[in-house]
There are 2 protein chains.
Amino acid sequence: MRASDKAYATLRADIVEWRLPPGTVLAEVELSERLGVSRTPVREALARLSAEGLAAPQSGRGVVVTEISLDHVRELFELRSALECRAAELAAERGDAATFCALHAELAAAGDLLTDDDPSRHSYYELAARLDAAIDDAVGNAYLAQALKSLRVHLVRVRRLSKDNPARLREAAREHATIALAIANGNAAVASAATTVHLDNSLHRLLSTSH
Amino acid sequence: MRASDKAYATLRADIVEWRLPPGTVLAEVELSERLGVSRTPVREALARLSAEGLAAPQSGRGVVVTEISLDHVRELFELRSALECRAAELAAERGDAATFCALHAELAAAGDLLTDDDPSRHSYYELAARLDAAIDDAVGNAYLAQALKSLRVHLVRVRRLSKDNPARLREAAREHATIALAIANGNAAVASAATTVHLDNSLHRLLSTSH
DNA sequence: TCCACTTGCTTTGTATACACTGATGGCAGG
DNA sequence: CCTGCCATCAGTGTATACAAAGCAAGTGGA
């Protein structure tokens with residue numbers, strides 16, 4: 001792996017995991033020393049982070065980690081709704097019924113995943129990511145997939161804003177199951193509507209439990 | 001202006017204007033000589049172009065200008081539809097009626113702009129860009145605006161695929177006027193529907209007149 | 001005491017040298 | 001004649017040195 005990739009991956013993880021909180025100054029020399037690479041790959045990593053919107057150059061002080069307020073979350077979910085609703089519609093029109101039937105079954109049984117003591121909820125988030133991937137694949141649109149991918153970076157970061165309790169996640173799993181079923185049935189209108197409902201619930205969950 | 005900005009602006013313009021056609025190899029040393037800067041700012045410019053999707057790194061050969069086929073155009077318009085329909089809805093809910101009334105009047109009279117001999121149709125495209133900017137402003141969503149901005153780069157590039165005759169542009173202007181009116185009236189459903197119609201027509205225009 | 005100028009330092013922006021990787025062409029062996 | 005290996009090389013990846021710009025602090029004068 002290239003040094004610039006390593007620097008990028010490290011910094012990106014540090015930002016989305018809130019180890020580097022918003023406002024942190026990302027100085028090139030300091031980072032190059034801490035990461036054990038020279039300034040050149042660090043610069044490349046910072047440029048990529050700036051392009052993604054995780055960091056932003058500030059006059060004179062170098063680049064800093066971008067803020068993420070509740071207003072940002074609302075804006076983020078507005079974009080998310082536009083993209084995911086359309087993606088769900090297109091997946092319903094083009095997707096393979098068997099694939100989404102299987103995902104529906106898994107999601108319907110996801111309550112079990114959340115009873116055992118997995119503090120990071122890894123198994124649930126992995127399943128949700130599989131549904132996202134299946135939708136992306138069914139849609140078969142590289143530009144839409146790219147837009148969703150760059151959006152999800154920010155969503156992972158937002159996730160750390162709120163504490164997710166098991167009851168909420170079970171509710172979310174049921175909503176995901178509804179979406180998967182609508183896609184399996186080839187019903188675009190329902191898929192879009194279910195996505196709208198899910199995102200609205202998710203946003204309110206987030207806003208009510210964040211500090 | 002920084003050397004890297006200059007290199008980026010030059011290369012980006014060269015790509016969207018088709019002076020650098022798809023498949024062109026963007027070698028760092030050759031570009032640094034041609035643009036009169038060193039390899040470092042050229043690398044930065046190439047990284048930005050790759051992030052935008054105008055170029056893509058290819059194993060061994062460096063980065064090349066990305067292809068743009070009719071299938072890509074269809075995918076692009078799918079994403080465009082998702083973003084612009086939602087943007088039109090939100091603008092209808094939040095926008096200032098007077099602003100869009102004025103734009104509607106200008107667009108309704110845009111037929112006159114297209115009768116005089118402006119071969120590049122600059123005045124019309126400038127007006128359409130003003131409508132886009134007004135919508136972005138009314139929506140007030142930085143993430144949605146960013147997504148639309150990165151989309152429009154590709155759309156400008158696609159525009160060169162087809163030859164735009166005055167009759168088509170007058171038709172497009174009427175469609176734009178309809179959208180502006182719906183937003184001015186605060187009618188989100190109509191704004192979204194008019195956008196859908198406009199984009200469908202635009203896509204078919206493009207596909208039928210391209211070589 | 002306050003304002004302005006200067007000086008020095010910190011930090012980024014650019015250039016260049018070197019190392020390493022992947023591709024390509026030729027040559028030898030089968 | 002075909003195939004596989006090796007050498008060469010083009011080109012990127014990284015490091016470091018140097019230049020320029022911005023900011024802050026300190027000092028001098030009013």
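By class, the surface near DNA strand C holds 5 nonpolar, 5 polar and 6 charged residues. Here Ala, Val, Leu, Ile, Met, Phe, Trp, Tyr, Cys and Pro count as nonpolar, Asp, Glu, Lys and Arg as charged, and the others, Gly among them, as polar; "near" requires a heavy atom of the residue within 4 Å of the strand. This is a predicted model, where local features need pLDDT of at least 70 and side-chain atom pairs pLDDT 80 or more, while totals for chains, interfaces and linings use all residues. Residues are numbered from 1 along each chain, chains are lettered from A in the order written, and side-chain values use heavy atoms, leaving out hydrogens and water.

**Around the DNA**
- DNA strand C is surrounded by 16 residues, and the closest are Arg2(B), Ala3(B), Ser38(B), Thr40(B) and Arg61(B).
- Of the DNA strand C atoms within 4 Å of the protein, 59% belong to sugar and phosphate.

**Polar contacts (N or O pairs within 3.5 Å)**
- The side chain of Thr40(B) places an N or O atom 2.9 Å from a base nitrogen of DNA strand C.
- Phosphate oxygens of DNA strand C lie 3.0 Å from a side-chain N or O atom of Arg43(A) and 3.4 Å from a polar backbone atom of Glu28(A).

**The sheet of chain B**
- Three strands (DSSP E runs of at least two residues) form an open antiparallel sheet in the order S1-S3-S2.
- S2(B) and S3(B) pair over 4 bridges, where pairing takes at least two DSSP bridges.
- Ala56(B) stands opposite Val64(B) in S3(B).

How values were computed. Polar contact = N/O pair within 3.5 Å; in protein donor to acceptor, adjacent residues only side chain to side chain.
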